[in-house]
Amino acid sequence: MICKRSIPMEYKYARRMSSVTASEIRELLKLTEQPEVISFAGGLPAPELFPIEEIKAVNDYVLDHNGEHALQYTTTEGYQPLREWIAKRMNTQLGTSFSHENILITHGSQQALDLSGKVFLDEEDVVLCESPTYLAAISAFKAYGCKFAEVRTDENGMIISELEKALKQYPTAKLIYVVPDFQNPTGRTWSLERRQQLAEISARYRVAVVEDNPYGELRYEGSFLPSIKSFDRAGDVLCTGTFSKIFCPGYRIGWIAGEKEVIRKYVLVKQGVDLQCNTIAQMVISAYLEQYDIDVHIDKIREVYRKRRDTAIEAIRQSFPSNISFIKPEGGLFLWIELDEKIDTVKLLEKCLEHNVAFVPGNSFFPNTKKRNTLRLNFSNMPEEKISDGIMRIGRALKEFTEK
């Protein structure tokens, strides 16, 4: 009997699917799984720094002492002792005044961005963002049919006069999205003055702000700065955070913090998504924080990443042409490079893959405009010798590309 091949059904997808495309970073990661490829593409923490033995011990402790609770459903808001620790940490380090009731546990800070789209955005609404901005935030918000207005930035962050122009141009704008500490992709850090000014201008125009802070603990030099939220008197600023960069990303535990009535809106939409985050993951992290000194662990991460950042910068200075510009970040995971304007880094990437090295072209970080001569390098995920080797490979590929 011969079976006829069925013709695929033309499904009637939601309109939003027309704007949902594959992440360039995720697609690149597929190409870079081969062991011979040195990848600067993903924002991956160093796996050798994960506290594996401690997690084994804490996991056993949680199951032995509270296994029935750990394996059961919990509240949508999340495990209360963990929320209390987060609130205290934010109050101490960022100048906020939160209690556990201001905290919602999310699947990484990425889910907090998606929930922000659900809470605030209708089709055709406008999101104001830095130019460039975090690629996965663009993807999360775009799924809700919004538009983006890019606001110019300089070495101190978003230019506030440009933000005010954009707010006057888009008076119904719903959301301002920013990454003030070691911004992804540029590595920039906002000045104290700009943070205060943003809180003031958001109150004046009554526009919600999402202050995304996945990298804030990873400062390698300079002083920690208070959050934008610490200057918020109108209740317009929400803050995200995550354990992915300071503990391990596989648990996918992050949070969003804000005024209680706003967080209740987030709780409602999260209930329709996944009901809650992983109970045992929350309890294991909470127990680790009780039994071990997280600051000692973070200090180890900072020391390793500082050396890797410095190695990457030295390799760039040795291997790249003199007419480039780049930012030396005070912390975080990324270096942002601008090449000669004639160079298209998407095409350069093709040449680099021939040399078994990869990066992320910068044009994906601009929701509207494109700067095709830019690229982002991650320095946290590999040892110094591979960083030097990989950047030398990019330098050789760049030379071949410009001489052809």
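I began with H8, where the face turned away from the buried side carries the exposed residues Glu261, Arg264 and Leu268. For my own record, buried means under 20% relative accessible area, exposed means over 50%, and partly exposed lies in between, with a 1.4 Å probe and protein chains only. This is a predicted model, in which local features need pLDDT of at least 70, side-chain atom pairs count only at pLDDT 80 or more, and totals for chains, interfaces and linings use all residues. Residues are numbered from 1 along each chain as its sequence is written, and side-chain values use heavy atoms, with hydrogens and water left out.

**Entry: helix H8**

I noted the naming rule: helices (H or I, at least four residues) and strands (E, at least two) are DSSP runs, numbered from the N terminus. Which residues of H8 are buried? I found Val262, Ile263, Tyr266, Val267 and Lys270. Seen down the axis of H8, these buried residues fall within an arc of 150°, so they line one face of the helix. The arc is taken from the directions between the helix axis and the C-beta atoms. A reminder to myself: an α-helix has 3.6 residues a turn, so residues three or four places apart point the same way.

Next I looked up what the buried residues of H8 pack against, and found strand S2 (103-106), helix H4 (108-120), strand S8 (237-242) and strand S9 (254-257). Contact here means heavy atoms within 4.5 Å. I also checked the length of H8 (residues 260-271): at 1.5 Å a residue its 12 residues should span 16 Å, and its end C-alpha atoms are 16 Å apart, which agrees. The expected span is 1.5 Å times one less than the number of residues.

Two strands pair if DSSP finds at least two bridges between them. S5 pairs with S4 (residues 147-154) in the antiparallel sense over 2 bridges, and Asp154 has Gly157 in S5 as its bridge partner. Axes are lines fitted to C-alpha atoms, for helices over the stretch in contact, and angles run from 0 to 180 degrees between N-to-C directions.

**Entry: the sheet of 4 strands**

I then turned to the other open sheet, with antiparallel pairing and the order S10-S11-S14-S13. S10 (325-326) and S13 (360-361) stand at the edges with a single partner strand each, so one side of each is left without a neighbour in the sheet. S14 (residues 374-378) is joined to S13 by 2 bridges, with Pro361 opposite Leu375. S11 and S14 pair over 5 bridges, and here Leu335 stands opposite Leu377.

Is S14 covered on one face or both? Both: Thr374, Arg376 and Asn378 on one side and Leu375 and Leu377 on the other are all buried. Helix H10 (residues 294-319) lies across S10, S11 and S14, at about 20° to S11.

**Entry: helix H12 and Pro321**

The buried residues of H12 include Ile387, Gly390 and Leu398. Their cover includes S1, H10, H11, S12 and S14. Pro321 lies in the loop between H10 and S10, and at 36% relative accessibility it counts as partly exposed. I find Pro321 and Leu398 77 residues apart in sequence and 8.7 Å apart in space, C-alpha to C-alpha.
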